[in-house]
Amino acid sequence: MRLSNKVALITGASKGIGKATALKFAKEGARVVVCDLDDAVAETVAEIKLQGGQAIGFKVDVTKSDSINAMVKGALTTYGHIDILVNNAGIVQDAQLKKMTDEQFDKVIDVNLKGTYNCTKAVVDVMLERKTGVILNASSIVGIYGNFGQTNYAASKFGVIGMAKTWARELGRHGIRVNAVCPGFIETSILQDVPEKVIRSMEERVPMGRLGKPEEIASTFAFLASDEASYINGAVIEVCGGMTL
Ligand code: NAD
């Protein structure tokens, strides 16, 4: 069990990649702090307990610093420390530039970029105090290459890579590693509004001929969070079935 004795806070863990990551981390021995604004946060906690793991859940919006701070306080009261933060919560609100509204732009930046900043600010002192920690930012291949109709999302996902590299420089000497993971197209509800035709064309662009599964991103997070990745810092890891070749 690669994450024994670790406490991991995972945002956006009610479903999709975040939920798969919470379940995987618990299987690897971590005590998991499950965060999401959705009520289904309780289901993730229940599933972890059913598989014999330990977890507590918080219904928290990553754009709200006060509730994030209260969650961190609650997690520390229960588990005493936080070793791993996975900044996974993210949304899309797609439109081509000429049609994108300011509200769409601001909302995606607020959740994906500012939310990642908010959560990291809230845990960094706890990690600095113990001189150990791992911070993982969920970016996207869109955060490296851009994507049609995703000005706001691309800006946010480029941004979380920029913050990961900056924090890797600032925190590395204090025992904290920071990395970004860039999934390709993964089968989750974030793709629910993408037309079937577009999904098929995405699959055709992947040399492996299929979309990824949430568990395949969860395994990458688990590896990066573990001591097996002890010299990986400031890295940007594409997990996309070779789609960008
Ligand atoms: P998803 O929609 O299945 O899950 C996202 C979760 O985040 C949901 O449970 C949602 O309630 C939660 N969330 C949204 N806003 C929140 C907020 N303000 N505060 C707290 N929680 C919030 O999406 P997913 O596909 O599992 O995506 C997870 C991450 O991976 C996102 O950052 C996404 O951008 C990134 N990603 C996904 C894909 C993909 O193809 N699925 C590809 C690249 C990157």
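Tutor: Let us begin with a definition: helices are DSSP runs of H or I with at least four residues, numbered from the N terminus. In this predicted model, asparagine 147 lies in the loop between α5 (142–145) and α6 (151–171).

Student: Why is asparagine 147 called partly exposed?

Tutor: A residue is buried with 20 or more other C-beta atoms within 10 Å, exposed with 12 or fewer, and partly exposed in between. Asparagine 147 has 15 C-beta neighbours inside 10 Å, so it counts as partly exposed.

Student: What does asparagine 147 touch, not counting residues up to four places away in sequence?

Tutor: Asparagine 147 touches Val142 and Ala154. The cut-off for a contact is C-beta atoms within 7 Å. As for glutamine 96, its C-alpha is 9.9 Å from that of asparagine 147, and the two are 51 residues apart in sequence.

Student: Where is glutamine 96 found, and is it buried or exposed?

Tutor: Glutamine 96 is found in the loop between β4 (84–87) and α4. It has 10 other C-beta atoms within 10 Å and is therefore exposed, since the limit for that term is 12 or fewer. Between glutamine 96 and phenylalanine 148 there are 7.0 Å in space, C-alpha to C-alpha, and 52 residues in sequence.

Student: How do you know that glutamine 54 is partly exposed?

Tutor: Glutamine 54, in strand β3 (residues 54–59), has 15 C-beta neighbours inside 10 Å. That count falls between the limits of 12 and 20, so the residue is partly exposed.

Student: What makes α1 largely enclosed by the rest of the structure?

Tutor: Eleven of the twelve residues of α1 are buried, and therefore the helix is largely enclosed. Among the buried residues are Gly16, Lys19, Leu23 and Phe25. After α1 comes glycine 29, with a positive phi near 100°.

Student: How do you know that the span of α1 is close to the expected one?

Tutor: From its first C-alpha to its last, α1 reaches 17 Å, and 16 Å is expected at 1.5 Å a residue. For α4, with 29 residues, the reach is 41 Å, close to the expected 42 Å.

Student: Where does α4 bend?

Tutor: The bend in α4 is at lysine 114 and amounts to about 40°. Just after this helix, lysine 131 takes a positive phi of about 55°.

Student: What makes a set of residues a nonpolar core?

Tutor: The residues must be buried, belong to the listed types such as Ala, Val and Ile, and be joined through C-beta atoms within 7 Å. The largest such core here has 67 residues, and Ala8, Ile10, Ala22, Val32 and Val34 have the most contacts inside it. Helix α4 (residues 102–130) gives the most to this core, with eight residues. Leaving aside neighbours within four places in sequence, alanine 8 is in contact with residues including Leu3, Phe25, Val32 and Ala225.

Student: How many residues surround the ligand, and which helix gives the most to that shell?

Tutor: The ligand is surrounded by 28 residues, the closest being Gly12, Gly16, Gly90, Ser140 and Thr188. Helix α1 gives the most, with three residues, and α1 and α4 each supply at least two.

Student: How do the residues of the shell divide, and what makes Gly polar in that division?

Tutor: Twelve are nonpolar, twelve polar and four charged.

Technical notes:
Residues are numbered from 1 along each chain as its sequence is written. This is a predicted model: local features need pLDDT of at least 70, side-chain atom pairs count only at pLDDT 80 or more; totals for chains, interfaces and linings use all residues. Two residues are in contact if their C-beta atoms, placed from the backbone, lie within 7 Å. A residue is near a molecule or strand if its C-beta atom, placed from the backbone, lies within 6 Å of it. Ala, Val, Leu, Ile, Met, Phe, Trp, Tyr, Cys and Pro count as nonpolar, Asp, Glu, Lys and Arg as charged, and the others, Gly among them, as polar. The expected span of a helix is 1.5 Å times one less than its number of residues. The bend at a residue is the angle between axes fitted to the seven residues ending there and the seven starting there.
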